[in-house]
Amino acid sequence: MTGIAVASLTTHSATSALPSPAAEFSFMVDEKQKQDPRVIKVSYHPCGEAAIARVTSLPDVDTKGYLIPDKVVEIDARNNTLRRWAKPIDSEVVAIEGDRILVDANKKLYWIEPSGNFQLQPQSIAAKKPIFESRIKTHPEFQNSGYAGVWRFLDLKSGKTRQIIYEANCS
């Protein structure tokens with residue numbers, strides 16, 4: 001066991017009971033790229049222009065395209081990248097299980113794989129609330145971010161502590 005304080009148990013619930021082959025998520029946009037046909041609406045966001053798009057998988061965090069997802073990175077004790085995921089902007093990582101993260105996006109829960117494939121989590125799930133560790137600017141993928149932070153999660157499958165970096169919502 002690590003020296004981390006145990007947070008209270010939090011139950012996250014989804015509002016939909018049926019898995020969907022596609023979902024509407026928000027992404028930042030790169031106006032230099034050709035608009036993506038999956039876009040439903042483009043609007044102002046505190047971080048710039050954002051789009052709502054109906055997608056069947058999340059865009060890769062390394063691919064330059066019109067839709068730009070937020071990046072989530074798992075690190076080891078030496079700050080090395082172990083695994084990466086994309087997530088919709090303004091969504092919150094609420095749990096991790098094996099190679100999947102669980103995000104709350106628009107009051108619905110989705111399991112997201114490193115490949116960008118996702119699946120709706122139709123039921124409530126109990127998970128220990130992640131513990132915010134610190135802001136970080138030393139990881140190469142987040143050096144220019146004022147919003148990146150490290151959170152400690154307990155893996156729902158293994159029970160091991162995992163360190164995850166992602167940017168909090170900008171305001």
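## Arg-83 and its partner Glu-74

Arg-83 is partly exposed in this predicted model, because its relative accessible area is 28%, where buried means under 20% relative accessible area, exposed means over 50% and partly exposed lies in between, computed with a 1.4 Å probe on protein chains only. The side chain of Arg-83 takes part in a salt bridge with Glu-74, in which the closest N and O atoms are 2.7 Å apart; a salt bridge here is a side-chain nitrogen of Lys or Arg within 4 Å of a carboxyl oxygen of Asp or Glu. Glu-74, by contrast, counts as buried, because its relative accessibility is 5%.

Residues are numbered from 1 along each chain as its sequence is written. Because the model is predicted, local features need pLDDT of at least 70 and side-chain atom pairs count only at pLDDT 80 or more, while totals for chains, interfaces and linings use all residues, and side-chain values use heavy atoms, with hydrogens and water left out.

## Other salt bridges

Side chains of opposite charge can pair when their charged atoms come close. A search of the whole structure finds ten salt bridges, and one of them is formed by the side chains of Arg-84 and Glu-141, at 2.7 Å from N to O. This pair links distant parts of the chain, 57 residues apart, since Arg-84 lies in strand β7 (residues 81–87) and Glu-141 in the loop between β13 (131–135) and β14 (148–154); strands are DSSP runs of E with at least two residues, helices are runs of H or I with at least four, and both are numbered from the N terminus. Arg-84 counts as partly exposed at 22% relative accessibility, and Glu-141 is also placed in the partly exposed class, at 24%.

A further salt bridge joins Glu-133 to Arg-152, with the closest N and O atoms 2.4 Å apart. Here too the pair links distant parts of the chain, with Glu-133 in strand β13 and Arg-152 in strand β14, 19 residues apart. Glu-133 is partly exposed at 34% relative accessibility, and Arg-152 is partly exposed with a relative accessible area of 24%. Salt bridges that share partners also join Asp-62, Lys-71, Arg-84 and Glu-141 into one network.

## The chain as a whole

The protein chain has zero helices and 15 strands, and buried residues make up 41% of its 171 residues. The accessible surface of the chain comes to about 9,500 Å², of which 47% belongs to carbon and sulfur atoms; such areas come from the Shrake-Rupley method with a 1.4 Å probe, and for residues only the protein chains shown count as cover. Among contacts (heavy atoms within 4.5 Å) between residues at least 6 apart in sequence, 52% join residues at least 24 apart.

## A four-stranded sheet

Strands of a sheet pair through backbone hydrogen bonds, either parallel or antiparallel. In this chain an open sheet of four strands has the order β3-β4-β2-β5 with antiparallel pairing, where two strands pair if DSSP finds at least two bridges between them. The edge strands of this sheet are β3 and β5 (67–68), each of which pairs on one side only.

Strand β2 pairs with strand β4 (residues 48–55) in the antiparallel sense over six bridges, and within that pairing Ala-23 has Val-55 as its bridge partner. The pairing of β2 with β5 is antiparallel as well and runs over two bridges; Met-28 has Ile-68 as its bridge partner in β5, while Val-29 stands opposite Leu-67. Six of the seven residues of β2 are buried, so this strand is largely enclosed by the rest of the structure.

Leaving aside neighbours within four places in sequence, Leu-67 is in contact with several residues, including Phe-27, Met-28, Val-39 and Pro-59.

## His-45 in strand β3

His-45 is located in strand β3 (residues 39–45) and counts as buried, because its relative accessibility is 8%. Its side chain is joined to that of Asp-90 by a polar contact of 2.8 Å; a polar contact is a pair of N or O atoms within 3.5 Å, and within protein one atom must be able to donate a hydrogen and the other to accept it, while residues adjacent in sequence count only if both atoms are side-chain atoms. Not counting residues up to four places away in sequence, His-45 touches Met-28, Ala-50, Ile-89, Asp-90 and Cys-170.
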